[in-house]
Amino acid sequence: IEHYAVFGQPISHSKSPRIHKLFAEQTGQLMDYVAQEVPAETFAAATSRFFADGGKGLNCTVPLKELAWQYADHLTERARQAKAVNTLVCQADDSILGDNTDGIGLLNDLTINHGITLNGAKILILGAGGATRGVVPPLLEQQPSTLIIVNRNAGKAQAIAEDFAELGAVHACDYANLTDRQFDLIINATSASLSGDLPPLPEALLKTGGSCYDLAYANQATAFVTWGLANNAAQSLDGLGMLVEQAAEAFFIWRGVRPQTSTIIGLLNAERE
Ligand code: ATR
């Protein structure tokens, strides 16, 4: 049996072991996948031990994604761009490849699971941390008509926009400059939602019939999902689908088999209602 794990802190509420167990059952793969609480200080030692003990693949979550990016011997192009790694793979020569499946996970949930069109869309991203950096390149690949990053600290938004300027039309702004603008899709990549906070969003920021997407997820509607529902969103979604989709992509990298995600998203959705 081959061993996989997710490292993070906190980790006890992680849904990843359950998701990968469901994938393994569905595809008939012989593997196990456990969650392990690992703080930043011991990440490198814990990761070296995991692979020395024969571990095949590792997911890394908060606060370890940048450390995993530094740890990897090689990086995929999308991990290099994101400056963050959520998936480590032990390769045939025992070197460790770092990948980032968060961006493709978001794209698949938006476009395949929810039928949201990104090409030509006006997209706003709230927040300018690591999560934003990971999703900007795959969103730009879809050629939206505009992609704007808004942040309290506008300098951080500006820095991300400049880093990815060659990939497409991406700009930064601050919350005060959102008045009189409208978007087809608003993505919440701030850490505010989990504490029940919302950035200051003007009325009519979302086009009627537009969509809201919170990268975070919770058993109850997040503050941003609730904002979307109150502001005429056709769909106001949290990040549970993205979680399952990024896991499916990691599973595919590790096992060479693509799990079918919709039944598993349905199952997890039913469990929280
Ligand atoms: P992550 O890796 O999840 O992206 P992060 O790097 O800590 O986390 O970034 C969190 C983002 O949420 C930041 O852009 C932060 O804004 P600042 O850069 O201005 O601090 C944003 N954020 C957190 N709480 C917020 C709030 N209450 N209102 C608006 N933005 C908030």
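Two residues are in contact, in what follows, if their C-beta atoms, placed from the backbone, lie within 7 Å. I start with that because the term comes up throughout. This is a predicted model, so local features need pLDDT of at least 70, side-chain atom pairs count only at pLDDT 80 or more, and totals for chains, interfaces and linings use all residues. Residues are numbered from 1 along each chain as its sequence is written.

First, the chain as a whole. Its secondary structure comes to 10 helices and 12 strands. Helices (H or I, at least four residues) and strands (E, at least two) are DSSP runs, numbered from the N terminus. The radius of gyration, taken over C-alpha atoms, is 18 Å, close to the 19 Å that the globule rule gives for 273 residues, so the chain is as compact as a globular protein of that length. That rule is 2.2 Å times the number of residues to the power 0.38. Along its principal axes the C-alpha trace spans about 55 × 40 × 30 Å.

Of the 273 residues, 42% count as buried. Buried means that 20 or more other C-beta atoms lie within 10 Å of the residue's own; exposed means 12 or fewer, and partly exposed is in between, with C-beta atoms placed from the backbone. Among contacts with a separation of 6 or more, 63% are between residues 24 or more positions apart.

Next, the domains. The assignment, which is automatic or from a database, gives domain 1 as 2-100 + 241-271 and domain 2 as 116-238. Their C-alpha centres lie 26 Å apart.

Now the ligand. How many residues surround the ligand? There are 16, and the closest are Gly129, Gly130, Ala131, Arg152 and Thr190. A residue is counted here if its C-beta atom, placed from the backbone, lies within 6 Å of the molecule. Helix H6 (residues 130-141) gives the most to this shell, with 3 residues. The shell divides into 5 nonpolar, 8 polar and 3 charged residues.

On to helix H8, residues 223-230. Its buried residues are Phe224, Val225, Trp227 and Gly228. The buried residues of H8 pack against strand E10 (183-188), strand E11 (206-214) and strand E12 (235-237).

Gly228 is buried, with 25 other C-beta atoms within 10 Å. Leaving aside neighbours within four places in sequence, Gly228 is in contact with Leu206, Cys212, Ala233 and Ser236. Val34 is 194 residues from Gly228 in sequence and 35 Å away in space, C-alpha to C-alpha.

Glu37, in strand E2 (residues 31-37), is partly exposed, with 13 other C-beta atoms within 10 Å. Its contacts, again leaving aside neighbours within four places in sequence, are Gln9 and Ile11. Gly8 is 29 residues from Glu37 along the chain, and their C-alpha atoms are separated by 5.5 Å.

Last, the backbone. Most residues other than glycine have a negative phi, and most peptide bonds are trans. The bond from Gln9 to Pro10 is cis, with omega near 0 degrees, and Pro10 lies in the loop between strand E1 (2-8) and helix H1 (16-27). Another cis peptide bond joins Val62 and Pro63; Pro63 is in the loop between strand E3 (57-60) and H3.

Lys83 has a positive phi, near 55 degrees, in the loop between H4 and strand E5 (87-90). Gln143 also has a phi near 55 degrees, in the loop between H6 and strand E8 (146-150). Just after H8, Asn232 takes a positive phi of about 65 degrees.

Key
Nonpolar A, V, L, I, M, F, W, Y, C, P; charged D, E, K, R; others polar.
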